[in-house]
Amino acid sequence: MDFRELTPSLVTFWGAGCSEHLLTGIESSSFIRQRNNWYIANIPLGLSGLFMMDWGKIVGFSIEMPIDYVPLPIFGNNIVVILCYWTQPVMSTSKHKNLLLIKVMERLERKGYDGIVVFSPGGIDNPVWEAFGFEKITECEFMGMPSYMMFRKYADVSPPSFQSPVSLLPPRQRKYAIDIFYPKYCPIGSLIISKVIKQSPNFAQIAELRVHDTSYRDVVLSSGRVIGVYLNGEDITREIIQNTPIKKIIEKIS
């Protein structure tokens, strides 16, 4: 197994990565282009990453960013945030995850950060992070399920703080408002926006669509949200992913 630091040239070599089982066709190529542009544009802001390679193929990665610039609703001093991490499904064993994360922890400590933050959606990987010395700091919500902000410190530093979501504005021109929070760097964002837009002819007369590009920190901080779909402020992300028709969801809450 080989490990390489993120560079613009490696980004262009990346391919589908974690989107390979979520997106297809035009959706996939559009996501890859947007993702690559976003990563390259944010390298000057301190975005970095480590790629795990097997026979020249990327089979895992971890992407990090300083807390001052990361597009997440958190605050702190001299802390780095693991924005996302992934291992290819066939490589998603404890052995390979640990191998990747050991390398990640070592290099982030060498970079001089006082602490590391990671979000654990659904708490699925909590045991993995706890084994690396992370502690639960805050429980939050990710796509309708309880998730956790985990923190590991290298020095005597205050834990990061988390900004709670603010209330969404009511609809202005229709009875309903559909808000999509969509980070360009994540395939789940591309998946949910695609599923909603494909249904727009079915709800255009009764619901207004508002898209928030949460690839930018200021957009995230204005709402306290990163990813998801909301109908009049109610999180319907899981229903969208499960292909429940939006008109049916509207009928259910009416």
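Visitor: Which helices and strands each supply at least two residues of the lining of the largest pocket, and which gives the largest share?
Guide: This is a predicted model, in which local features need pLDDT of at least 70, side-chain atom pairs count only at pLDDT 80 or more, and totals for chains, interfaces and linings use all residues. Residues are numbered from 1 along each chain as its sequence is written, and side-chain values use heavy atoms, with hydrogens and water left out. At least two lining residues each come from β5 (79-87), α3 (94-110), β6 (115-120), β7 (135-142), β8 (145-153) and α5 (187-197), where helices (H or I, at least four residues) and strands (E, at least two) are DSSP runs numbered from the N terminus. The largest share, 6 residues, is that of β5.

Visitor: How many of the residues of α5 are buried?
Guide: Buried means under 20% relative accessible area, exposed over 50%, and partly exposed in between (1.4 Å probe, protein chains only). Among the buried residues of α5 are Pro187, Gly189 and Leu191. The helix is largely enclosed by the rest of the structure, because the buried residues number 9 of the 11.

Visitor: Is Cysteine 186 buried or exposed?
Guide: Cys186 is one of the lining residues that lie nearest the centre of the largest pocket. Its relative accessible area is 17%, so cysteine 186 is buried.

Visitor: Which cysteine sulfur is nearest to that of cysteine 186?
Guide: A disulfide is a pair of cysteine sulfur atoms within 2.5 Å, and a search of the whole structure finds 0. Cysteine 186 is in no disulfide, and at 6.6 Å the nearest cysteine sulfur is that of cysteine 18.

Visitor: What is the relative accessible area of tryptophan 55?
Guide: Tryptophan 55 sits in the loop between β2 (48-54) and β3 (57-66). Its phi is positive, about 55 degrees, although tryptophan 55 is not a glycine. Most residues other than glycine have a negative phi. Tryptophan 55 is exposed, with a relative accessible area of 85%.

Terms used. On a 1 Å grid over the protein atoms alone, a cavity is a set of points where a 1.4 Å probe fits but cannot get out, and a pocket is an open set with protein on both sides within 12 Å along at least five of seven lines; lining residues have an atom within 4 Å of a point.
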